[in-house]
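Biologist: I would like to learn how to read helix packing in a model. Can we go through one together, feature by feature?

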Amino acid sequence: MTQAADSPNRTNAASGLRFLTELIGWTATPWALHRVDWAVAIAALVLLIGLPAVVGTPGDRPFDPPVAIPGAAMLLLVLLEVAAAAVAPWFAWPTWAAVVATALAATSVVLEQPRWRWLLRH
């Protein structure tokens, strides 16, 4: 298995921006979905936070995940997080905040390309 140090998941700019993007998705998604149903909002929160906490691609983090999944599956989870951060603010926050959130998510996509290529190989 690949060692954690091999993952390009360690760059400060990309990791920091990815975390900020995740925080936006974690906050805005339930905020937007609570209007539909509180249970849906809670389920989305469990999906966005809980699933990536349990599953992961070995070597992508400094620790091995409890449940190992292929890199392509992890990339799908990452794309879900980015989509949540880019779309949910438009339904939950003022326009200026949604613009900022979408710009941060787009920047995260650009900076995450080395990690995404790594995930697709593992």
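**Reading the helices**

Modeller: Take α3 to begin. Helix α3 has 17 residues and reaches 24 Å from its first C-alpha to its last, close to the 24 Å expected at 1.5 Å a residue. The expected span is 1.5 Å times one less than the number of residues. Helices here are DSSP runs of H or I with at least four residues, strands are runs of E with at least two, and both are numbered from the N terminus.

Biologist: What kind of model is this, and how are residues numbered?

Modeller: This is a predicted model: local features need pLDDT of at least 70, side-chain atom pairs count only at pLDDT 80 or more, and totals for chains, interfaces and linings use all residues. Residues are numbered from 1 along each chain as its sequence is written, and side-chain values use heavy atoms, with hydrogens and water left out.

Biologist: Which residues of α3 are buried?

Modeller: Buried means under 20% relative accessible area, exposed means over 50%, and partly exposed lies in between, with a 1.4 Å probe and protein chains only. In α3 the buried residues are G71, M74, L75, L77, V78, E81, V82, A84, A85 and A86.

Biologist: What covers the buried residues of α3?

Modeller: The cover includes helices α1 (12-33), α2, α4 (89-92), α5 (95-111) and α6 (113-121), along with strand β1 (55-56). Contact means heavy atoms within 4.5 Å.

Biologist: How do I describe two packed helices?

Modeller: Two numbers do it: the angle between the axes and the distance between them. Axes are lines fitted to C-alpha atoms, for helices over the stretch in contact, and angles run from 0 to 180 degrees between N-to-C directions. Take α2 (residues 38-54) and α3 (residues 71-87): their axes come within 11 Å and cross at roughly 150°. The two helices are therefore roughly antiparallel. The classes are: under 35 degrees roughly parallel, over 145 roughly antiparallel, 65 to 115 roughly perpendicular, the rest oblique.

Biologist: Is the crossing of α2 and α3 left-handed or right-handed?

Modeller: Left-handed means that the near helix is turned anticlockwise from the far one by less than a right angle; clockwise is right-handed. Helix α2 passes α3 in a left-handed crossing. On the α2 side, L47, L48, L51 and P52 meet L77, L80, E81 and A84 of α3. By class, that contact has seven nonpolar residues, no polar ones and one charged. Ala, Val, Leu, Ile, Met, Phe, Trp, Tyr, Cys and Pro count as nonpolar, Asp, Glu, Lys and Arg as charged, and the others, Gly among them, as polar.

Biologist: At what angle do α1 and α3 cross?

Modeller: The axes of α1 and α3 cross at roughly 60° and come within 8 Å. This crossing is left-handed too, as α1 passes α3. From α1, the residues T21, E22, I24, G25, W26 and T29 meet E81, V82, A84 and A85 of α3. The contact has five nonpolar, three polar and two charged residues.

Biologist: And what do the buried residues of α1 pack against?

Modeller: They pack against α2, α3, α4, α5 and α6. Among them are A14, S15, L17 and R18. S15 is buried, with a relative accessible area of 19%. The C-alpha atoms of S15 and R115 are 9.9 Å apart, although 100 residues separate them in sequence.

Biologist: How do α5 and α6 pack?

Modeller: Their angle is about 55°, with the axes 5 Å apart. That makes α5 oblique to α6. V109, V110 and L111 of α5 and Q113, P114 and W116 of α6 make the contact.

Biologist: Is R117 buried or partly exposed?

Modeller: R117 lies in helix α6. At 47% relative accessibility, R117 counts as partly exposed.
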